[in-house]
Amino acid sequence: MSALFGGKVLDLNQGSKDGFVRVRKRDLEKLTTEVMQLREFLPLILSGDLSSLLHKARRADTKKERLLQGQEQLRQECLHLQSRLDAAQAECQKEREEKLLLREQLWRSGTELQRQAEFCSGLGSAACNLLWSCSGGEAAVALWLTDGKLQAFLDVAAQTLESFLKSLDEHDGGKTQAEDQNSHKHQFVLALVGTITNVAAVPCGRDFLSSSGHALLDTLLKLLELMDSGVFPKLKVLMLMALYNVSISVKGLKYMTDNKGLMALIWTLLDDGQLDVCLHSLRLLQSLLLEEDVQLDPGLLARITQFTQSGHPGLRAAAQQTLEDLGAQQGQ
């Protein structure tokens, strides 16, 4: 090395720009050997662990990147769901307010409807009471028949009684039949049936009912079946009187005797507890006995016999007359 530089030794402290240093040949060879050894063995030492660490690091970076992407996607979805939730809550609040408004309107409409129904019932009751009074004369019924107005009246009467029949079947929203006896609706129906009774009391009227009023007669029978015992006594009496008047007609009597449930209905009415109802039930039974095919149950005969001891003069006389009619019929 000294020969290369003319036997002179460079001193780094002299500010040489090349930065050479004097090294022993033996040290240089040793250093060269160590460097070669490091080059040979270092890859073998580091290749496994370092490669694994680098691979794991790359996988971690990839996983981290995916997690960040997933986190961002979830954040976007969360924002979207929050937006939808806010919109749904706003819509729900709007619907709730509309529901409250509709409920208030429904309550007002129900109140108004109830007021109108009560007004109509009162008006109908007053009108039917006037009609009931007018129908007491035979000339009025004959005029209705001549003018062709009686059929229209019977149609309206049948519809009204059907409505009353449904209210009895449903107990009028929880009200008992006894509570309904003083209502405008009951007074309306009472006057309506009273008018029908007066129509049936006139020969031309009962003939018309016997031929063209079968639906109305069936409704009257259904009403009598549905009415509780002891309630609506005036209404029951009027309906029984109407049926009795119709039975005076031959066609009317034939139509009613063809009704298989009529005898069972009369038996039920004889246990009503109201003496006037029992009396008019017996009178209807007397009229039905004119038909030769009518057969009485022994239990019904026993019930009629009990009425012969009644303190009600009319009921006692009707029971005795019914038994006499039966005796005369059997004697034939």
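This note goes through the predicted model point by point, from the overall fold to single residue pairs.

1. Basis of the note. The model is predicted, so to speak of local features a pLDDT of at least 70 is needed, and side-chain atom pairs count only at pLDDT 80 or more, while totals for chains, interfaces and linings use all residues. Residues are numbered from 1 along each chain as its sequence is written, and side-chain values use heavy atoms, with hydrogens and water left out.

2. Overall fold. The protein chain holds 13 helices and 0 strands, where helices (H or I, at least four residues) and strands (E, at least two) are DSSP runs numbered from the N terminus. Among contacts (heavy atoms within 4.5 Å) between residues at least 6 apart in sequence, 70% join residues at least 24 apart.

3. Surface and burial. The accessible surface of the protein chain is about 21800 Å², and 56% of it belongs to carbon and sulfur atoms; such areas come from the Shrake-Rupley method with a 1.4 Å probe, and for residues only the protein chains shown count as cover. Of the 332 residues in the chain, 29% are buried, a term that stands for under 20% relative accessible area, with exposed meaning over 50% and partly exposed in between (1.4 Å probe, protein chains only).

4. The largest nonpolar core. A nonpolar core is a set of buried Ala, Val, Leu, Ile, Met, Phe, Trp, Tyr and Cys residues joined through side-chain atoms within 4.5 Å. The largest one has 64 residues, and the members that touch the most others are Leu161, Leu235 and Leu282. Helix H3 (residues 150–169) gives the largest share of this core, 9 residues. As a general background, nonpolar side chains tend to be buried together in soluble globular proteins.

5. Around Leu282 and Thr322. Leaving aside residues up to four places away in sequence, Leu282 touches Leu270, Ile304, Phe307, Leu315, Ala318, Ala319 and Thr322. Thr322 lies in helix H13 (residues 313–331) and counts as buried because its relative accessibility is 0%. With the neighbours up to four places away again left out, the residues that Thr322 touches are Leu282, Leu285, Gln286, Leu289 and Ile304.

6. Helix H6. In helix H6 (residues 203–212), the buried residues include Gly205, Arg206, Phe208, Leu209 and Ser210. Among the elements that cover the buried residues of H6 are helix H2 (138–147), H3, helix H5 (184–201), H7, H8 and helix H9 (250–257).

7. Salt bridges. The whole structure has 6 salt bridges, each being a side-chain nitrogen of Lys or Arg within 4 Å of a carboxyl oxygen of Asp or Glu. One of them joins Asp272 and Lys236, whose closest N and O atoms are 2.5 Å apart. This pair links distant parts of the chain, since Asp272 is in the loop between helix H10 (262–269) and helix H11 (275–288) and Lys236 is in helix H8 (residues 233–247), 36 residues apart. Asp272 counts as buried at 7% relative accessibility, and Lys236 counts as buried at 1%.

8. Glu112 and Arg115 meet through their side chains at 2.6 Å, N to O, and both lie in helix H1 (residues 25–134), 3 residues apart, about one turn of the helix. Glu112 is partly exposed at 32% relative accessibility, and Arg115 is partly exposed as well, with a relative accessible area of 49%.

9. Aromatic pairs. The structure holds 2 aromatic pairs; rings of Phe, Tyr and Trp (its six-membered ring) pair if their centres lie within 6.5 Å, and planes under 30 degrees apart count as stacked, over 60 as edge-to-face and the rest as tilted. Trp144 and Phe153 form a tilted pair, 6.3 Å centre to centre with 40 degrees between the planes. The rings of Phe164 and Phe232 have centres 5.9 Å apart and planes at 75 degrees, so this pair is edge-to-face. Phe164 lies in helix H3 and Phe232 in the loop between helix H7 (214–226) and H8, so the pair ties together parts that are 68 residues apart in sequence. Phe164 is buried at 1% relative accessibility, and Phe232 is buried with a relative accessible area of 1%.
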